[in-house]
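Biologist: I have a fold open on my screen and would like to learn how to read it feature by feature. Could you walk me through it?

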Amino acid sequence: MASKVELVVEVKSPADKLWTALRDSTELFPKIFPEQYKSIETVEGDGKSAGTVRLLKYTEGVPMVTFAKEKVEVADDEKKVVSYSVVDGELVNFYKNFRVTLQVTPKGGGEDGAGAVVSWAMDFDKASEQVPDPDVIKETAAKTFHDLDDYLLKN
């Protein structure tokens with residue numbers, strides 16, 4: 001049965017700056033979040049457009065997963081929307097489908113200095129009723145957006 005979890009996070013960074021950082025997460029996230037990511041590498045495609053496949057390797061501190069392969073389904077820089085599905089890794093044992101979509105929009109009607117809003121949604125199908133809801137992933141996403149915002153405000 002398909003389920004959906006949504007999250008909205010407000011940040012102080014301008015939408016364009018946040019979007020650029022998210023699009024550069026392959027290089028940026030292992031540097032900013034070494035407690036989470038050992039590495040992120042592009043294994044197919046150009047690293048940004050639809051069809052790209054990335055391999056994320058997690059540190060021992062991350063629960064349930066050691067790696068994930070994700071395939072970019074949608075990448076729209078104009079609308080600041082990206083969507084990807086997990087195609088390999090431990091998550092595919094727990095969830096038949098696992099797709100994340102996020103969009104960054106300027107806060108305050110497009111004023112660039114007013115900050116941004118990240119709308120994040122996770123669609124998933126549990127492989128069985130015993131599989132827990134992926135709450136830890138939602139919590140990690142929220143923390144990541146706040147920590148990324150803190151990093152961008154300082155750099």
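Biologist: Let me begin with the strands: in which sense do strand E3 and strand E4 pair, and over how many bridges?

Modeller: Please keep in mind that this is a predicted model. Strand E3 (residues 53-58) runs antiparallel to strand E4 (residues 67-76), and 5 bridges pair the two.

Biologist: Let me zoom out. How many helices and strands does the chain have?

Modeller: It has 4 helices and 7 strands. Read from the N terminus, their order is β-α-α-β-β-β-β-α-β-β-α. The radius of gyration is 15 Å, close to the 15 Å that the globule rule gives for 155 residues, so the chain is as compact as a globular protein of that length. Along the principal axes, the C-alpha atoms fill a box of roughly 45 × 30 × 30 Å.

Biologist: What share of the contacts with a separation of 6 or more comes from residues 24 or more positions apart?

Modeller: Such residues account for 49% of those contacts. As for burial, 44% of the 155 residues in the chain are buried.

Biologist: How should I read the buried part?

Modeller: In soluble globular proteins, nonpolar side chains tend to be buried together. In this model, the largest nonpolar core has 41 residues, and Val104, Phe145 and Leu148 have the most contacts inside it. Take Leu148: leaving aside residues up to four places away in sequence, its contacts are Leu18, Ala21, Leu22, Phe29, Ile32 and Phe33.

Biologist: Phe29 and Ile32 are in that list. Why is helix H2 described as largely enclosed?

Modeller: Because 6 of the 8 residues of helix H2 (residues 25-32) are buried, the helix is largely enclosed by the rest of the structure. The buried ones are Ser25, Thr26, Leu28, Phe29, Pro30 and Ile32. Their cover includes H1, E2, E3 and helix H4 (135-154).

Biologist: What about the aromatic residues? How do I describe a pair of rings?

Modeller: A pair of aromatic rings is described by the distance of the centres and the angle of the planes. A search of the whole structure gives 6 aromatic pairs. One of them is Tyr37 with Tyr58, a tilted pair at 5.6 Å centre to centre with 35 degrees between the planes. This pair links distant parts of the chain, since Tyr37 is in strand E2 (residues 37-44) and Tyr58 in strand E3, 21 residues apart.

Biologist: Are Tyr37 and Tyr58 buried or exposed?

Modeller: Tyr37 is buried, with a relative accessible area of 10%, and Tyr58 also counts as buried, at 14%. Another tilted pair is Tyr95 and Phe98, at 5.4 Å centre to centre and 45 degrees between the planes. Tyr95 and Phe98 are buried too. Finally, Phe29, Phe33, Tyr37 and Tyr58 form one aromatic cluster.

Biologist: Where does Trp120 lie?

Modeller: Trp120 lies in strand E7 (residues 116-126). With a relative accessible area of 5%, Trp120 is buried. Its contacts beyond four places in sequence include Val5, Leu7, Val100, Leu102, Ile137, Ala141 and Phe145. For a sense of distance, its C-alpha atom is separated by 22 Å from that of Val131, 11 residues apart along the chain.

Biologist: One last stop: which side chain does the side chain of Ser13 join in a polar contact?

Modeller: That is Asp149, and the polar contact is 2.5 Å. Ser13 is found in the loop between strand E1 (2-11) and helix H1 (15-23). Although in a loop, Ser13 counts as buried because its relative accessibility is 1%. Leaving out residues up to four places away in sequence, Ser13 touches Gly115, Ala116, Leu152 and Leu153 as well as Asp149.

Technical notes
Residues numbered from 1 in each chain as written. Predicted model: local features only at pLDDT ≥ 70, side-chain atom pairs only at ≥ 80, totals over all residues. Heavy atoms only, no water. Buried < 20%, exposed > 50% of the residue type's maximum accessible area, 1.4 Å probe, protein only. Polar contact = N/O pair within 3.5 Å; in protein donor to acceptor, adjacent residues only side chain to side chain. Contact = heavy atoms within 4.5 Å. Core = buried A, V, L, I, M, F, W, Y, C linked by side-chain atoms within 4.5 Å. Pairing = 2+ DSSP bridges. Phe/Tyr/Trp six-rings, centres within 6.5 Å; stacked < 30°, edge-to-face > 60°. Rg over C-alpha atoms; globule rule 2.2 N^0.38 Å.
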